[in-house]
Amino acid sequence: MCQTAAHDQLEGEFQSWMYSKDACYKEAVQMLEGRSRQAGENLDWLYGNMPGYFFITMENDVEALTNLILGLQTLRSQRKIVLLDQPRKLIVARLDVPGSLYDMLTALNGRDISYAEITHSWKPVAGTERNLEVLRFEFDRKSLEELAKPRTCRVPAGTRDAVRERLTALYPAFNFKEFNKNLDLFWRNSENYVRLSPPERIARILWLYQQGLQHEGLFLDVEATGRNEHRREHRILFSVENPPHQGFLTQAMEVFKRLGIGVRRSYSLNISGEPHSYFLGNFYVARADGLPVTRESNIFRELKGELYNTQILATENAAYSVFVSNGFMSGEDASLVNAFIAFCQTTLGHCEPDRFSTDVVKDAFFSHPHIVMKLIDTFRKRFDPELTERDKAYEDAREEAQAAVESYNTGHRHLDEIRRMIYKTCFLLITKTLKTNFFVPEKHALAFRLDPSYLSELGPEFTKDLPGRVPFRVTFFFGRRGFGYHIGFSDIARGGWRTILCGTHDELTTNSNSLFREVFVLAHTQHLKNKDIYEGGSKLVVILDARGLETREAVMQQMHKLQYAITNAFLDIFITEGGKAKDRRVVDHYGDDEPIELGPDENMSDAMIEIIARQAMKRGYVLGSGIISSKRAGINHKHYGVTSRGVIRAATIAMREIGIDMTRDPFSLKIIGGPNGDVAGNSIRLLLERCPKARIVSITDISGALYDPQGADPEGLGRIVLQTDVGDFNPELLHPGGFMLFSRHTVQESLKELYRKLARTDSGLEETWLTTDEYQNELAKLIFSEPVDLFLPCGGRPETIDENNCPRFFHNGGNPSARIIVEGANSYITPGARVALQKGGVIILRDASANKCGVITSSYEIIANVLMTEREFLKNKDAYVGDVLRILDRKADEEANLIFKRYRAAEGRQLYTDISAAVSEEINGHYERLFAFFRNKSHMVEQPLFFKVLLHHLPALVQNNPKYRARVRRIPVKMKCAILASEIASSIVYHGGWDDDFEGKLHRYLDARFS
């Protein structure tokens, strides 16, 4: 009975399940039939309400389009539909709600977007009050290596012809010279974009790319698209060279959102190339009030200022999130605040890095926005070119800001003192700046040319670690990824441009703290070094924040961008006309021409050198291409080894003083700097060529170190000199007892990083692994302890040997580890350490005397730029360079011999470096007096006697060639005055005679005055 009941129950359940299954099936069929009808309606709706180009771009993504057709109605209940999600492509549909686009871009979390397409429907999705928004992102940015690969597939001829035809019709002024090259570049970057896009769209983006190239890497324009049946739209075209790889589109969209400009459609493409990449954006916009967006409208001017400012203000910066996102200030003012912070921290931090750290300075600005706004207002009223009664407005604002700074008091005495000093420093930046490019919309970076008297107003506690001489000018630069200073000690000045790469937070902190002192000391050293030429000394040092840049290509692109940005900022304020800044948007409180010359230093490519020269010529700088040396049509320092030439000649004279003839006698030496570097590499080359018995015991560079007690194998060195780093020396060539250290060959063991060491033993090479401490100790031994006759520091960071570690240079009862040091690198040894080393018996020829030949060469390159065309220079280059090399030898010998002559005359009571400084100061002192004299009596420079002196300064090619000799008279008068002053001043000191007839000059003066 129970069994029958159970059977009946199971039978009933089965029938019920079958009925349920059948019902579900019928329901599913009905649902599919309903969805099929709905899909048809959705497709009709999409065709009626989406721009035609939307379907063209979906041609290769039918699956995504199908998902949209089938699921459009679900947007009534869902936030978004992911139509396609692949590693290199993402397509999303969502309703257009306020902030939805910005939220989506933010959610991408900094992914590197190569192509972005944003499309809105004309009407709301059925059942909603919101339009459809379809977002398409591609993450397929090409590397330079990928672009360089050969391709068999070419741009179809039909496409090429159609694009050319549309370009001619749309943009008649388009320059077709680079048409094929640029179209091929687009094809290699994004073949699908070129293949699928209508010719008109390709034509427009090619034109936009060309406009970016022609407008210094920044271009913005607007075109009317006409009123269609749905709304009035305008097309915004935006081109940016070397944009940030991540988050840039998000930032641009945020600008539109902040200004109340709705982006209805957008197509943006990132193009990779050498030496630059480009962001090219087309934004179809409409204002909520329906008003047009024209070039003349206030909204367009505001948009231009904010979009261009994205080159200076980063969204990840605190000022952006604190001030801009909250609507407290504009993006341009936030960039100014960031510049204030960097200036204050670097100005105060070199003396007291803990008290004035970056975080402390930031807190001062972010904690009291009311003071910040007073400072910004004062700055704007000092430099706004459109402000009427500017002087009165500025004075009122200045007094108000000064009162706020001086009365700042929260009751926290220690913190108040720190913040008051920070505000005072910012106030000095504002009031002592003589000109700035802040009101130039197209700026790539900010530039502030200051009156250097602000340094004395800071107080001695903030200048105590600097040389005592006051600079002639200080210029501060601030960009999106870096900042720095140019300091010059003379009206006409020259010196190198050094870029310091900071890949970690610690590197950025350390270099920011020491930045101002480093550039100040280097510029001062350069001024002492430049005594033989008409230009005084200067230096430009910039820090690049390379954190988060994961590839060398990314680092190089951002370094290129920063250097290009600062170049243009430099030109914004230093291009003059009639003594005033040529750009009338630069309010000029200085009012004179400033001929400043740059030179390549650490981390500057040959390509960038040429770009800087072209920009200066294009924009009309007073020196033209003479703004920078070591150009293609110039004298490449590394190729000719000009700096090393002076270093080795100085070393030869110094070694002769201790009885060693470097060309014949055996001697030992150690070198800091890589064989592939300019100074170290060419020094090694000259030693191998001229000193057959030289024993190079150790070489240390960024890649590691080489030590060989018998001297590194000459043939082995010859294979890597001027080719690669010391880490590529063949270890098989080491003699017993020798070893190599490798900074780039590391392994991780637990939490420790270990460095590779290869040592030559009697049985062969032996590999060991060193901890970080052991590795650094080995390097330090080579620098400080290894005994040699001659030490050539030709590389390395400034102040490597200082007062604290220089005692390690002595051993065995106080004997120095080197008898002679010739400084091929600038400021490698601190002034205090130089004194201690010399008192311990070391002969030191300091940087200003030993490595001056590089800057002398650069000076003569600039003279060639003034006197010859590029073709003429290249034709006569060998003869001209030969003349310059002979001048270098003479100048190097004159100073080294004079130093030892004076040392002997003083019977050793003066230090060699003090004599060197005195020689420089004497020459510079005569120069300053003579330059002022000739400036006041400029007609004298054309008189026969003075013209003869002028010619004597120039290479023999110019002296002996009638054509070039005649052009000497075309040299700008200010420059001729400086050349005369330089030539006479150095002659007075090196050759004497100026003071020999003091009694005779006295008699003649008294006779004239009192007879």
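β22 and β23 are joined by a hairpin through two residues. Strands here are DSSP runs of E with at least two residues, helices are runs of H or I with at least four, and both are numbered from the N terminus. β22 covers residues 752-761 and pairs with β23 in the antiparallel sense over seven bridges. I say that two strands pair if DSSP finds at least two bridges between them. Thr-761 is opposite Gly-764 in β23.

Before going further, the conventions. This is a predicted model, in which local features need pLDDT of at least 70 and side-chain atom pairs count only at pLDDT 80 or more, while totals for chains, interfaces and linings use all residues. Residues are numbered from 1 along each chain as its sequence is written, and side-chain values use heavy atoms, with hydrogens and water left out.

For angles in general, axes are lines fitted to C-alpha atoms, for helices over the stretch in contact, and values run from 0 to 180 degrees between N-to-C directions. A parallel pair in this sheet is β24 (residues 788-793) with β27 (residues 818-822), over three bridges. There, Leu-790 is opposite Ile-820 in β27.

Now the other sheet. Seven strands form an open sheet in the order β9-β10-β11-β12-β14-β13-β17, again with mixed pairing. Which strands are at its edges? They are β9 (433-436) and β17 (596-600), each pairing on one side only. Neighbouring strands in this sheet are turned by 20 degrees on average, direction ignored. β12 (residues 482-488) and β14 (residues 536-545) run antiparallel and are joined by seven bridges. Gly-484 has Val-542 of β14 as its bridge partner. Helix α19 (residues 505-529) packs on the sheet and touches β11 (473-479), β12, β13 (493-502) and β14; contact means heavy atoms within 4.5 Å. The direction of α19 makes about 165 degrees with that of β14.

Next, the helix pair. The axes of α30 (residues 870-905) and α35 (residues 973-991) come within 10 Å and cross at roughly 40 degrees. That makes α30 oblique to α35; under 35 degrees counts as roughly parallel, over 145 as roughly antiparallel, 65 to 115 as roughly perpendicular, and the rest as oblique. α30 contributes Lys-891, Glu-894, Glu-895, Leu-898 and Arg-902 to the contact, and α35 contributes Ser-986, Val-989, Tyr-990 and His-991. By class, the contact residues are three nonpolar, two polar and four charged. Here Ala, Val, Leu, Ile, Met, Phe, Trp, Tyr, Cys and Pro count as nonpolar, Asp, Glu, Lys and Arg as charged, and the others, Gly among them, as polar.

Last, the cavities. A cavity is a set of points on a 1 Å grid over the protein atoms alone where a 1.4 Å probe fits but cannot get out, and lining residues have an atom within 4 Å of a point. Grid points are joined across faces, edges and corners, and a volume is the space filled by probe spheres set on the points. The whole structure has four cavities of 30 Å³ or more. The largest cavity holds about 130 Å³. Its lining has 13 residues, with Arg-136, Glu-138, Asn-192, Tyr-193 and Leu-196 nearest the centre. The largest share, three residues, comes from α8.

Definitions and conventions:
On a 1 Å grid over the protein atoms alone, a cavity is a set of points where a 1.4 Å probe fits but cannot get out, and a pocket is an open set with protein on both sides within 12 Å along at least five of seven lines; lining residues have an atom within 4 Å of a point.
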